[in-house]
Amino acid sequence: MVKAGKRIEEMDVRFEEVPYKCRCGHEGKEVIVVANNVGILDTRCEKCNRRIIQFKIVERSEG
């Protein structure tokens with residue numbers, strides 16, 4: 001017999017706008033999905049077309 005996993009009552013998933021800076025110096029903002037205060041930024045620089053991948057820790061903003 002297989003026991004069911006732990007039930008999650010409330011999931012902490014939201015969309016957040018986070019800043020990033022490319023190696024070429026270009027700065028921008030991107031909207032990412034954040035779960036349990038952690039999100040993954042995966043985008044391309046608008047200026048030099050370099051791929052940017054970053055792990056972001058985002059605290060919940062009140063208000």
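Arg 51 comes out as partly exposed, at a relative accessible area of 48%; here buried means under 20% relative accessible area, exposed over 50%, and partly exposed in between, with a 1.4 Å probe and protein chains only as cover. The side chain of Arg 51 meets that of Asp 42 in a salt bridge, 2.8 Å from N to O, where a salt bridge is a side-chain nitrogen of Lys or Arg within 4 Å of a carboxyl oxygen of Asp or Glu. Asp 42 counts as partly exposed too, with 43% relative accessibility. The model is a predicted one, in which local features need pLDDT of at least 70 and side-chain atom pairs count only at pLDDT 80 or more, while totals for chains, interfaces and linings use all residues. Residues are numbered from 1 along each chain as its sequence is written, and side-chain values use heavy atoms, with hydrogens and water left out.

As for the overall fold, the protein has four strands and zero helices, both taken as DSSP runs numbered from the N terminus (helices H or I, at least four residues; strands E, at least two). Along the sequence this reads β-β-β-β. The strands make an open sheet in the order β1-β2-β3-β4, with antiparallel pairing; two strands pair if DSSP finds at least two bridges between them. β1 (13-21) and β4 (51-57) sit at the edges with a single partner strand each, so one side of each has no neighbour in the sheet. From one strand to the next, the twist averages 30 degrees, based on axes fitted as lines to C-alpha atoms, with angles running from 0 to 180 degrees between N-to-C directions.

β1 pairs with β2 (residues 27-35) over nine antiparallel bridges, and Val 13 has Ala 35 in β2 as its bridge partner. Val 13 also has its C-alpha atom 6.8 Å from that of Asn 36, although the two are 23 residues apart along the chain. Asn 36 belongs to the loop between β2 and β3 and is exposed, at 60% relative accessible area.

Further along, β3 (residues 38-44) and β4 are joined by seven antiparallel bridges, with Asp 42 partnered by Ile 53 in β4. The hairpin of β3 and β4 has six residues between the strands, and Asn 49 takes a positive phi near 65 degrees there. Thr 43, in strand β3, is buried at 12% relative accessible area. Beyond its neighbours within four places in sequence, Thr 43 is in contact (heavy atoms within 4.5 Å) with Tyr 20, Glu 30, Arg 50, Arg 51 and Ile 52.

Back to charges: the structure holds four salt bridges. One of them links the side chains of Arg 14 and Glu 16, 3.0 Å from N to O. Arg 14 is buried, at 11%, and Glu 16 is buried as well, at 16%. Asp 12, Arg 14 and Glu 16 are linked in a salt-bridge network. Glu 27 and Lys 21 form another salt bridge, with their closest N and O atoms 4.0 Å apart, and here both residues are exposed.

On the surface, Met 11, Val 13, Phe 15, Val 31 and Val 33 make up a nonpolar patch with about 550 Å² of accessible area together. Phe 15, part of strand β1, is exposed at 65% relative accessible area. Over the protein, buried residues account for 25% of the 63 residues.

Definitions and conventions: Patch = residues over 30% accessible without salt bridge, like charges linked within 9 Å, V, L, I, M, F, W, Y side chains within 5 Å. Areas by Shrake-Rupley, 256 points an atom, 1.4 Å probe, with all protein chains shown as cover.
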